[in-house]
Amino acid sequence: MSEALTDKMSVPAVRGSQQESARSGAEARPGTRAILPLIDSPADLKRLGQNELEQVASELRQYIVEVVSKTGGHLAPSLGAVELTIALHYCFEAPRDKIVWDVGHQAYGHKVITGRRDRLPTIRQYKGLSGFVSPTESPYDAFGVAHASTSIAAGMGMAVARDTAGEDYHVVTVTGDGAMTGGLAYEGLNNAGHSGRDILVILNDNEMSISPNVGAISTYLTSITSSKYYNRLKEEVRYILKKVPLGVPAGELAKRMERSLKEVVVPGGLFQALGFQYYGPIDGHNLQELISVLTNLKAVKGPRLLHVITKKGKGLPYAEANSCVYHGVTAFDPASGTMTASGKATAPDYCKVFAEALSRLASDNERIVAITAAMADGTGLVKFGEKHPTRFFDVGIAEAYGVTFAGGLAISGMRPVAAIYSTFLQRAYDQIIHDIGVQCLPVTFCLDRAGLVGADGPTHHGVFDLSYLRAVPNFVIAAPKDGDELCDLLKTAVDQEVYPFAIRYPKRASRRFTPDRAFRTLPIGTWETLHEGRDACLLAVGSMVEAAENVREELLKEGIEVAVVNCRFVKPLDGTLLRELAARYPILVTLEENTLRGGFGDGVHEHLHESGLETGALHHIGLPDRFVTHGSMPQLLDEVGLSPQALVPRVRGIVKGRA
Ligand SMILES: Cc1ncc(C[n+]2csc(CCOP(=O)(O)OP(=O)(O)O)c2C)c(N)n1
């Protein structure tokens, strides 16, 4: 432990677990020395007694609140996992033992315990800690994660590698009940259960995905937690723990705990049928119980699943009451929970425009249905669900299923609109090709968070969709320059019955949105010349139209005249206009917030080349062939050369022949 860090931490008042647990009596008394500043690694935890561990839990929770109230980030998931995090690091020997998080947004406590306490205030900031879990950041981060439902698959890979090498470390996954709605989790359970390998899956069940969890699995888990088994176990464990305090090695405690756990295995449970020994459910905020059970489960062999019940947002009354809102937050006032407004937008976000437009279109067309994969809030579809409950489907964290489900709806005459973030649609690539593209089904895909997303970083940037969709025959791909055009594109998409149709837009203000305006149908494959020019023509897609107009303004001051074309259809592109522009302008510059590999610029190049036209004067601006880090949008745009201050000299250089 570092002796230098013994000062009492100043932290806001947060309800700690010990207040729930009269037994522990561990509430830090005023004047008590803080312990968290002494925890530099899990080894430091192992030297603590029960009361001190309870105090660490309380301080950890307060520290997370203190930091996230300033930085923003994922709050409620991490607060819910505090005791579980401490118990895991107390019982297991990470990094030798592998603790594999799922999604990783609940791992702020894990970061603090594993030597990153002082850097937590840099979380999600440029060059700071990642908001998720990444082996490049720490050896304690066993596997990189941010998309859901991967933990069991990754853990199984580690278990097989361990067995192959004849080693003997533990593999423990921490998998949320939301993550359990993803098919990949079941592929993992299926494989692990059959293999008989030693793996411990901890099901962190807080009954919440981001929104309340959905589907039969969620109902099944609730039926377990409300069953007599849970209550019996609770009583039994409490009884044993009362009699045998923590710290007693093996012996009586171990024997009695094991007997109790075996007795409460849910008969015929789903997990048992999949080859897992099921244990629990247990209270995920009772440290003593967690530590006792985990200690005992270390000695059990084979695939085991421990069902742990936690409360998302634990300790902060407003976050507990509204964990959906406090799942991910901007900076907020810790006393009241009031979040700081993130700037004054002149127009509503694209996601809000999309939701309003879809509701309007659905009122006129009963065949329109909306699909989300556990992102009802993020995609703006909550209101749609309230207005059209029978035409709204939250399929859980199941993007692949959602896409094929949309295919089934479309082939049966419905007009499905699947609203899925660009980054999460990557999960469904085979479904996009096999179930939608090949059959040319008129499914509308609305890809929110297209382009760079800022603080969530490389796992979440939506910068591949133009490339991965452009490769699929039959797809129409479009990107609006503003909110009004998003409405028009959406109308165009749902009114036609011929093609799969993808519309991508960023998480940003929509520039212009005119409520109650009549939507227009746009001719598919047409571009729009916004400004004529002389020296060059900027071919801009979506978010880059505004950037191109800004470049034009700036360069006009220097006597350089660049045209700006809104290339709202990336596929099919406007071949007639493109060939005309290629003949008219000495320089063409494509601009896109997508990787340059296989993106819009490549499409323009292919078209000119296939038309037998010269491509020498064609330049591309877009994202580089590397994963872009996390940070604020201005920082990231600057880093990749797409910020206004970077674009102006880049285009000037191209026009003047210096690029
Ligand atoms: C493939 C994928 N789709 C959607 C998301 C967005 N997402 C982030 S966290 C989350 C909910 C996860 O719920 P759970 O696993 O229960 O963890 P909890 O937040 O409740 O701790 C969702 C849907 C994601 N990370 N990955």
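Two strands pair if DSSP finds at least two bridges between them. Strands (E, at least two residues) and helices (H or I, at least four) are DSSP runs, numbered from the N terminus. On these terms, β3 (residues 171–176) and β4 (residues 199–205) pair in the parallel sense over five bridges. The model is predicted: local features need pLDDT of at least 70, side-chain atom pairs count only at pLDDT 80 or more, and totals for chains, interfaces and linings use all residues. Residues are numbered from 1 along each chain as its sequence is written.

**Chain overview**
- The secondary structure comes to 26 helices and 19 strands.
- Of the 659 residues, 54% count as buried; that takes 20 or more other C-beta atoms, placed from the backbone, within 10 Å of a residue's own.
- Two residues are in contact if their C-beta atoms, placed from the backbone, lie within 7 Å.
- Among contacts between residues at least 6 apart in sequence, 79% join residues at least 24 apart.

**Parallel sheet**
- The strand order is β2-β3-β4-β6-β5 in an open sheet of five strands, and the pairing is parallel.
- β2 (98–101) and β5 (277–283) stand at the edges with a single partner strand each, so one side of each has no neighbour in the sheet.
- Neighbouring strands are turned by 20° against each other on average, direction ignored.
- V172 has L200 in β4 as its bridge partner.
- Helix α7 (residues 151–164) packs on this sheet and touches β2, β3 and β4.
- The direction of α7 makes about 175° with that of β3; axes are lines fitted to C-alpha atoms, for helices over the stretch in contact, and angles run from 0 to 180 degrees between N-to-C directions.

**Mixed sheet**
- Another open sheet of five strands has the order β14-β16-β15-β18-β19, with mixed pairing.
- Its edges are β14 (528–531) and β19 (618–623), each with a single partner strand, so one side of each is left without a neighbour in the sheet.
- The twist averages 25° from one strand to the next.
- β15 (residues 536–540) and β16 (residues 562–566) run parallel, joined by five bridges.
- A536 stands opposite V562 in β16.

**Ligand shell**
- The ligand has 23 residues around it, of which P77, A148, G176, G178 and A179 come nearest; a residue is near if its C-beta atom, placed from the backbone, lies within 6 Å.
- Domain 1 (3–327) and domain 2 (350–504) both give residues to this shell, so the ligand lies between them; the bounds come from an automatic or database domain assignment.

How values were computed. A residue is buried if 20 or more other C-beta atoms lie within 10 Å of its own, exposed if 12 or fewer, and partly exposed in between; C-beta atoms are placed from the backbone.
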